[in-house]
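Here is a friendly briefing to read alongside the model. Have a look at the structure first, and then we can go through it topic by topic.

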Amino acid sequence: MTLDEGMTLDDVLASLFPGGHALERGPFGTVHGTGRLEGGGQIALVGIVDRTPLGVDGALLLASRVLAVIDKGGGVPIMMLVDTASQSMTRRDELLGLNEYLAHLSKSLALAAARGHRTVGVLYGRAAAGAFIATALSTQVLAAVRGAEPSVMDLPSIARVTKLPLDQLERLAQSTPIFAPGLDPMVAVGAVAQIWDASKPLAEQLAALLRQSVEARDRRDEIGLARKGRLLAAGIAQRVAKEAAAGA
Amino acid sequence: MSISWRPHEADWYEASARERIAGLVDPDSFVEFLGPDQRAMSPHLAQFNLTGAFDDGLIVGRGTLDGQAVLLAAQEGRFLGGAFGEVHGAKLVGLLRGARAAAGTGGPKCVLLLLDTGGVRLQEANAGELSISETIRAIVEARLAGVAVVALIGGRSGAFGGGGIITACCSRIVVSQHARVSVSGPEVIETNKGVEEFDSKDRALVWRITGGRTRTLTGGADRYVKGRIRDFRQAAIELMTQAPPFTFETLAAEQRRLAERLQEYGECRDAPQLWRKSGLPEPERIAELSDDAFLAMARTKECKHDAR
Amino acid sequence: MEKFEVKGTNRRRAPGGRRQTITGVNASGNLEVMIERVLPDSECLVEVTTAVTGFRDIWYAVIEEFFERSAPGGLRFSINDGGARPDTVMLRLMQGVRLMEAPP
């Protein structure tokens, strides 16, 4: 990561928790710990950092951390710090069933939310594809620090797979957020709820987020509609949901 | 299609998504939601000079399975690789949300997901990726409401990328020999890590690493079936009442199950190594066994688990 | 991308009671055809969307031959083409009309 874009993990933690934090680095690029919130209370921290790809080992460890928070109870909120790459792309990961390990992390975060542990994603670096799905996108609300780089796939790879010229893709990317990598398209389609301003204290921005009531349901498609980045999804989902519930 | 075609006898792999549905549910019980005549199509394909599908490659609806009400979604794996686009994904999300909404008032107790997908449709990458995340959320919500979600996989496109992650969020997973379940596709691994790591043209390797038999033996799938639609139907009927609840206990069991797998087999780089370690006969010949022979052998290995 | 339509008049009504059907898949070398019984009995319509341009004459010829060989009255055919050959197009159209013969 270049120093003039985005924040380092230490910068992020210092700005988020002026009241203090305790973070341990674990294997496979994982971290866990706690942060002290302004105005009292704590937030559990889990994360994948240093642009480490997310594989079976890291995903399992992260899930165990989340399950430990649920087991302890008390409604402690959970922050997922994210600076990963894509999922780990190795024969071993796939043989062992990477899809199950990533899903297990996703499910664990979902269970935490269902059990009263509010989940907040903080994307301060990169996240792509399956790693993006299992970490940042598996939280109830996702904040990204300006400089973060979420993506499904980079444009040159998209160009290779779709057999379209890269310059044509770049032109198309200007006019629609529906496929382009980067932070602004992800905000427009509703994936990222808030962009945090790195030049202002993150603690206040986190506090403001936590003051908002927890979303009872997944409204990202409605947010995408309101922001005009995803014009059809919310309406289609609503129509089908209505028919599915009516048939009962 | 000959007039005497009987849906039950047909091969899952060769069938279209609509044919799979027709052979899976009780005869004439399927009612489609937001059908093709509604023309809810993708607005994003024309700019890539691609033609669309009237149902955007995903069919949703309800039917009965052995008399029980079920909801279904089926991906057409031959249309743009069954990949998730904005409308395609939204239909799936809507179905699962509807399942959850109806659960409290005597609605269907099971959603069947006939997955056949290469992952995200790159032309609509962000919408596709997000719909996968929303699908995962909706599967969890449905399971929390007591609805079983059963994945059925055995088509041309497999369950790749986000489709692989969705698969493992389901209550139970059914595969045939044709199935492939994976996150990164072979070509992507090869491009990123080199042909030594994964020769994407080596079909036998692809099936050893990601195929239905491997998934069955490692616990990545819960039921292996022969390839006819009727075999999937039978498995779905049995599994729809065997779904584990979505609780801490289930996820704790899943944590233990996945940890044990890493402990036992974490050093393995190819399937035969794994089979040898687990004491299976003829570890080099798993792919060559007949379905009957494989089923007989898999049953001895079957770890009935209460996880997912 | 090409979108065009071909109208038929003075046709025989397509027998059967089925209101709607869909056959085929928009995949390479294939096509998807949706048929709706929504027109007056003697009229029919074929709407084509294809990314393979420059073959309109061949499409017209196949569709006209289809009108001659079958009784398509009352039917609206909508096609999403994946680069199918003329004989595949004819096959799907004929398949479609047969499917519409089913009772409602």
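Let's begin with chain C, where five strands make an open sheet in the order β1-β4-β5-β3-β2, with mixed pairing. This is a predicted model: local features need pLDDT of at least 70 and side-chain atom pairs count only at pLDDT 80 or more, while totals for chains, interfaces and linings use all residues. Residues are numbered from 1 along each chain as its sequence is written, and chains are lettered from A and ligands numbered from 1 in the order in which they are written.

**The sheet of chain C**

- Strands here are DSSP runs (E, at least two residues) and helices are DSSP runs too (H or I, at least four), numbered from the N terminus.
- At the edges of the sheet sit β1 (2-8) and β2 (20-23) of chain C, each pairing on one side only; two strands pair if DSSP finds at least two bridges between them.
- From one strand to the next, the twist averages 10°, with axes taken as lines fitted to C-alpha atoms (for helices over the stretch in contact) and angles running from 0 to 180 degrees between N-to-C directions.
- β1(C) runs antiparallel to β4 (44-50) of chain C, and seven bridges join the two.
- C:Phe4 has C:Val48 in β4(C) as its bridge partner.

**Helices on the sheet**

- Helix α1 (56-69) of chain C packs on the sheet and touches β1 and β4 of chain C, its direction making about 30° with that of β1(C).
- Helix α2 (86-99) of chain C lies across β2, β3 (31-37) and β5 (75-81) of chain C, at about 30° to β3(C).

**Chain against chain**

- Two residues are in contact if their C-beta atoms, placed from the backbone, lie within 7 Å.
- Of the two pairs of chains in contact, A and B share the most contacts.
- That interface brings 79 residues of chain B against 66 residues of chain A.
- On the side of chain B that touches chain A, α3(B) gives the most, with 13 residues.
- By class, this side of chain B has 43 nonpolar, 23 polar and 13 charged residues; Ala, Val, Leu, Ile, Met, Phe, Trp, Tyr, Cys and Pro count as nonpolar, Asp, Glu, Lys and Arg as charged, and the others, Gly among them, as polar.
- Chains A and C do not touch, and their nearest C-alpha atoms are 15 Å apart.

**Domains of chain A**

- Chain A is assigned domain 1 (9-216) and domain 2 (219-248), with bounds from an automatic or database domain assignment.
- Eight residues from domain 1 of chain A and eight from domain 2 of chain A make up the contact.
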